[in-house]
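Colleague: I would like to learn how to read a pocket and the strands around it. Can you take me through one case?

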Amino acid sequence: RRDAFASHWSDDRQVAWLDSAGIALYRGQGRIRSDRVVEVTGPDGASTSLTARHAVVVATGSAALIPDVTGLPEAAPWTSREAAASKEVPGRLAIIGGGVVATEMATAYTNLGTVVTVLARDGVLPRAEPFVGDRVTQSLRDAGASVRLRAEAVSVSRDGDGTVHDTLT
């Protein structure tokens, strides 16, 4: 179902819509050259200069933040992209963080039968009203997830068999 919803990670339908609406799509690396001017260097190395009528909006989307935890990059952590794209349900999953994506993935994987541990150093949904974080924390716990508030990973390692170990403060 996820693959169908995400169009198997293909943007072909959005590109077709752009074409039908007469909107040109430029793929490549963009660089703001001056007021209202963006230069796009395509995969083939060719550059195109585009001038906006009113303004240039930089809306790149977002990339996952990998926390500065010793050993984490070497342990090959999942970001939200890998978590959403996984074709297998892990037996156990540690989630570092307590934000929106962390709680979404904790909910999904708990419902799929994974033993989930959320390490929420700053709390669950810390940017929301406190009662929201409290209710989501209780909901996760009621579903079977372990939520560790004020827990911070200081190092991560992966064994040869793939088992990941988190050392907490």
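Modeller: In the second largest pocket, the lining residues divide into 14 nonpolar, 3 polar and 2 charged. Here Ala, Val, Leu, Ile, Met, Phe, Trp, Tyr, Cys and Pro count as nonpolar, Asp, Glu, Lys and Arg as charged, and the others, Gly among them, as polar. This is a predicted model, where local features need pLDDT of at least 70, side-chain atom pairs need 80 or more, and totals for chains, interfaces and linings use all residues. Residues are numbered from 1 along each chain, and side-chain values use heavy atoms, without hydrogens or water.

Colleague: What counts as a pocket, and which residues lie nearest the centre of this one?

Modeller: On a 1 Å grid over the protein atoms alone, a pocket is an open set of points where a 1.4 Å probe fits, with protein on both sides within 12 Å along at least five of seven lines; lining residues have an atom within 4 Å of a point. Val 38, Val 40, Leu 50, Val 56 and Val 57 lie nearest the centre.

Colleague: Which strand gives the most to the lining?

Modeller: Strands are DSSP runs of E, at least two residues, numbered from the N terminus. Strand 1 gives the most, with 3 residues.

Colleague: How do strand 1 and strand 2 pair?

Modeller: Pairing needs at least two DSSP bridges between two strands. Strand 1 and strand 2 are antiparallel, over 5 bridges. Strand 2 and strand 3 also run antiparallel, joined by 5 bridges.

Definitions and conventions:
Helix = DSSP H or I, 4+ residues; strand = E, 2+ residues; numbered from the N terminus.
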